Amino acid sequence: MGIERETLKLALLECDTPVDAVRSTYGTYLDIFRHQLLSSLPESSRDYPFILEGFDVVNAQEYPNLDAGYKGVLISGSKDSAYDDDTWIKKLVDWVAATARFRPDIKIIGQFSGLVFLALLAMCL
């Protein structure tokens with residue numbers, strides 16, 4: 001009889017799309033992150049229940065409803081600079097700031113420019 005595990009629900013804020021050569025081989029950032037997370041688990045834990053949902057924060061400017069059970073948020077990298085004056089970047093920084101301030105129970109991890117977003121945020125808090 002195995003141990004009952006709570007499903008880990010994560011959100012991926014997609015700040016870009018992979019270049020064509022990467023996308024044709026590995027898929028979207030959602031596909032890539034899902035594969036990397038699954039393959040990082042030991043063989044004995046490959047059935048660990050987790051959900052990874054992607055959100056297009058650049059074009060659709062969509063964000064997860066944090067009351068829907070998310071335990072963490074991953075922020076992908078981007079070809080754009082975190083210092084650019086684009087509307088989507090301002091919205092992302094505001095969203096991450098509000099999440100960090102009002103939902104400390106939700107862990108946030110940034111990759112490349114996603115990490116820079118977090119560093120900028122840290123200077124503002």
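The protein chain has four helices and four strands. Helices here are DSSP runs of H or I with at least four residues, strands are DSSP runs of E with at least two, and both are numbered from the N terminus. Read from the N terminus on, the order of elements is β-α-α-β-β-α-β-α.

Some ground rules before the details. The model is predicted, so local features need a pLDDT of at least 70 and side-chain atom pairs count only at pLDDT 80 or more, while totals for chains, interfaces and linings use all residues. Residues are numbered from 1 along each chain as its sequence is written, and side-chain values use heavy atoms, with hydrogens and water left out.

Now the chain as a whole. Of its 125 residues, 35% are buried. Buried means under 20% relative accessible area, exposed means over 50%, and partly exposed is in between, with a 1.4 Å probe and protein chains only. The chain exposes about 7,800 Å², and carbon and sulfur atoms supply 56% of that area. Accessible areas come from the Shrake-Rupley method with a 1.4 Å probe; for residues, only the protein chains shown count as cover. A contact means heavy atoms within 4.5 Å. Among contacts between residues at least 6 apart in sequence, 71% join residues at least 24 apart.

Which residues of α3 are buried? They are W88, I89, L92, W95, V96, A97 and T99. As background, an α-helix has 3.6 residues a turn, so residues three or four places apart point the same way.

T87 also belongs to α3, but T87 is exposed, at 57% relative accessible area. The C-alpha atom of T87 is separated by 9.5 Å from that of Q61, and the two residues are 26 apart along the chain.

Q61 sits in the loop between β2 (50–56) and β3 (72–75). Most residues other than glycine have a negative phi. Q61 is not a glycine, yet its phi is positive, about 50 degrees. Q61 counts as partly exposed because its relative accessibility is 25%.

Last, the salt bridges. A salt bridge is a side-chain nitrogen of Lys or Arg within 4 Å of a carboxyl oxygen of Asp or Glu. The whole structure has five. One of them joins R103 and D67, at 3.1 Å from N to O. R103 is in the loop between α3 and β4 (107–110) and D67 is in the loop between β2 and β3, so this pair ties together parts that are 36 residues apart in sequence.

R103 also meets D105 in a salt bridge, at 2.9 Å from N to O. How accessible are its members? R103 is partly exposed at 22%, D105 is partly exposed at 45%, and D67 is exposed at 68%.

Another salt bridge links D85 and K90, with the closest N and O atoms 2.9 Å apart. D85 is exposed at 61% relative accessibility, whereas K90 is partly exposed at 45%.
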